[in-house]
Amino acid sequence: MSLKGEIDRRRTFGIVSHPDAGKTTLTEKLLLFGGAIRVAGAVKSNKIKKGATSDFMEIERQRGISVATSVMGFEYKDIKINILDTPGHQDFAEDTYRTLTAVDSVIVVIDAAKGVEAQTRRLMRVCRMRKTPVIVFINKLDREGKDPFELLDEIENELDIKVRPLSWPVGMGKRLRGIYNMYDGKLNIFTGEDKQVAEEPIQISADSDEIIDYIGEDYTQQLRDDIELVNGVYPPFENQTYLNAEVSPVFFGSALYNFGVKELLECFIDIAPTPRPSEAEERHVDAYENKFTGFVFKIHANMDPKHRDRLAFIKICSGVFQRNTNYLHVRNGKKIKFSSPTAFMASKKSVIDEAYPGDIIGLHDTGNFKIGDTLTENEQLHFKGLPSFSPEMFKYIENDDPMKSKQLAKGVDQLMDEGVAQLFTVKMNGRKIIGTVGALQFEVIEYRLLHEYGAKCRWEPVGFHKAVWFDSKNTEQIEDFKKRKYKQVAEDKHGNDVYLAESAFDLDRAKEKFPDINFHLTNEF
Ligand code: G4P
């Protein structure tokens, strides 16, 4: 097949949700359609079990699962689908943000009873920022939930997006009769069985008399009224508005009962974007260009502490990646070739010879890669869009075993390359501060430093509120600012200036006093 043919048949996306909305269940049902797995229960939830947050076995179990389910590829009707998994736990939100830089679209799962939840809001903010096309799946229709119209209003208001329903529930909870697919005018009758394969829906128009035979007069009337209202309120669906991330199509269903999932998948392969162009600092990179380019968006450390090699996940942006071919590692200027690149088909890994835009490959790494690194055929290119956000929690990291200071430094360095947390060095005294999104990451770092690097660390409290990157054309003001705030000025791992604000008030005051300085909550500006 031609390069264009290969690219055109690829769909790379992420499923995001607040924990418990049904991401794992939906992923599993999608894989069943692709024949990628045979039985339900094969996909393990990467959720951190309640009450197990301090259990390190749980963390290790998590890491095991997260490598197995990081990318799940399968084929459906000749379309190569790559699902990128995202951690549900909010302490690992950075990881999810980075994964979202490697997808071309997103499916967001919402629990019909709970509606929009905190994590959904946060993740959608990132999608909006990146203009990622989003499909909404409203799940758990087999249970009593909110009124569909109310849910759609809530999604529009809270997520700041426009929606367009493409399927519509007939009843809900115990009274769920079916789902009417407005996209292709088919009715899917709900039988209440947990199905491994979805039944073929019935091709029937909501206006025909025949539909009454299936769902009765009352439900038919309700459905007709609802459809009229939907068509009155929401403009007709246009694929381009979805691709422009202006309107999100909405599907209803029950992942548990495999109901409404096939409709979602069929529409998805029709409308979802093929690999989109990527932005580099130097230029726009089109997927259809002949020369290979790609970037590292995730690094996974080996589970076995005796082998400290890692797996770097590369998103292919353009051209064809080939095994045993020299590519330029742009940051360090070296040429490297890879003898055993792996692809991910469902939860299996296998060595591949070639990979195309939209694909994710795993490369064994002995410490060459950092998140954000670019690989090319020879071009000096730096892909954008892997921002670091200000952490929410800060602690001084101290060496607790003087014999192991080298190990500690190396461990911290490598864990930061993996993107586990962020490191800031206070300019005044060289003390090191680790910043994280959640408390769990401190535990992970301490545990991994000990088990993988033999280093012991100790945490000391420090009362910072945010790490804010800053710059200014006014060098005088910058110098003045650094002098006055010397206790709070640090540098990040790449040597950029960071202001460690003590509170929101402190930051506001700094902004007022130093009007020529720009303060940024991400390092990409
Ligand atoms: P997550 O990955 O988004 O965190 O959610 P997950 O799929 O693990 O689903 C969370 C819980 O919701 C699971 O129940 C799952 O069975 C249930 N669930 C998912 N989809 C549906 C649905 O369409 N209808 C109903 N009624 N339930 C659904 P659990 O009891 O937490 O776990 P399990 O022990 O059943 O696996």
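Hi everyone. Lys77 has 11 C-beta neighbours inside 10 Å, so Lys77 counts as exposed. Please keep in mind that what you see above is a predicted model.

Let's stay with Lys77 for a moment. Where is Lys77 found? Lys77 sits in the loop that links strand 2, residues 71-76, to strand 3. The phi angle of Lys77 is near 50 degrees, which is a positive value in a residue other than glycine.

Now take another lysine, Lys140. Its phi is near 70 degrees, again a positive value in a residue that is not glycine. Lys140 belongs to the loop between strand 5, residues 134-139, and helix 6, residues 148-159. Is Lys140 buried or exposed? Lys140 has 25 C-beta neighbours inside 10 Å, so it counts as buried.

One more loop residue, and then we zoom out. Pro87 lies between strand 3, residues 79-84, and helix 4, residues 93-100. Pro87 counts as buried because 20 C-beta neighbours fall inside 10 Å, and 20 is just what the definition asks for. Thr99 is 12 residues away from Pro87 along the chain, and their C-alpha atoms are separated by 9.5 Å.

Okay, the whole protein. How many helices and strands are there? The protein has 13 helices and 31 strands. Of its 525 residues, 43% are buried. If we take the contacts with a separation of 6 or more, 72% of them join residues 24 or more positions apart.

The protein is divided into three parts: domain 1 covers 3-174 + 236-271, domain 2 covers 278-376, and domain 3 covers 387-524. Between domain 2 and domain 3, the C-alpha centres lie 29 Å apart. Where these two meet, seven residues of domain 2 are in contact with six residues of domain 3. On the domain 2 side, four of the touching residues are nonpolar, one is polar and two are charged.

Next, the ligand. Which residues come nearest to the ligand? Among the 18 residues around it, those are Gly22, Lys23, Thr24, Thr25 and Leu256. Helix 2, residues 23-33, gives the largest share of this shell, with three residues. By type, the shell has four nonpolar, eight polar and six charged residues.

The order is 7-8-9-10, and the pairing is antiparallel. Strand 7 (167-170) and strand 10 (202-203) each have a single partner strand, so one side of each is left without a neighbour in the sheet. Strand 7 runs antiparallel to strand 8, residues 178-181, and four bridges join them. If you'd like to find one of those places on screen, Trp168 has Tyr180 of strand 8 as its bridge partner. Helix 7, residues 210-233, packs on this sheet and touches strand 7, strand 8, strand 9 (186-189) and strand 10. The direction of helix 7 makes about 130 degrees with that of strand 7.

Why is strand 22 described as largely enclosed by the rest of the structure? Because five of its six residues are buried. Strand 15, residues 310-318, pairs with strand 22 in the antiparallel sense over six bridges, and there Leu311 stands opposite His364. Strand 19, residues 342-345, is also antiparallel to strand 22, with two bridges. Here Ala343 has Ile361 of strand 22 as its bridge partner.

Strand 24, residues 393-399, is joined to strand 27 over five bridges, and Tyr396 stands opposite Glu460 in strand 27.

How values were computed. Residues are numbered from 1 along each chain as its sequence is written. This is a predicted model: local features need pLDDT of at least 70, side-chain atom pairs count only at pLDDT 80 or more; totals for chains, interfaces and linings use all residues. Two strands pair if DSSP finds at least two bridges between them. Domain bounds come from an automatic or database domain assignment. Ala, Val, Leu, Ile, Met, Phe, Trp, Tyr, Cys and Pro count as nonpolar, Asp, Glu, Lys and Arg as charged, and the others, Gly among them, as polar. A residue is near a molecule or strand if its C-beta atom, placed from the backbone, lies within 6 Å of it. Axes are lines fitted to C-alpha atoms, for helices over the stretch in contact, and angles run from 0 to 180 degrees between N-to-C directions. A residue is buried if 20 or more other C-beta atoms lie within 10 Å of its own, exposed if 12 or fewer, and partly exposed in between; C-beta atoms are placed from the backbone.
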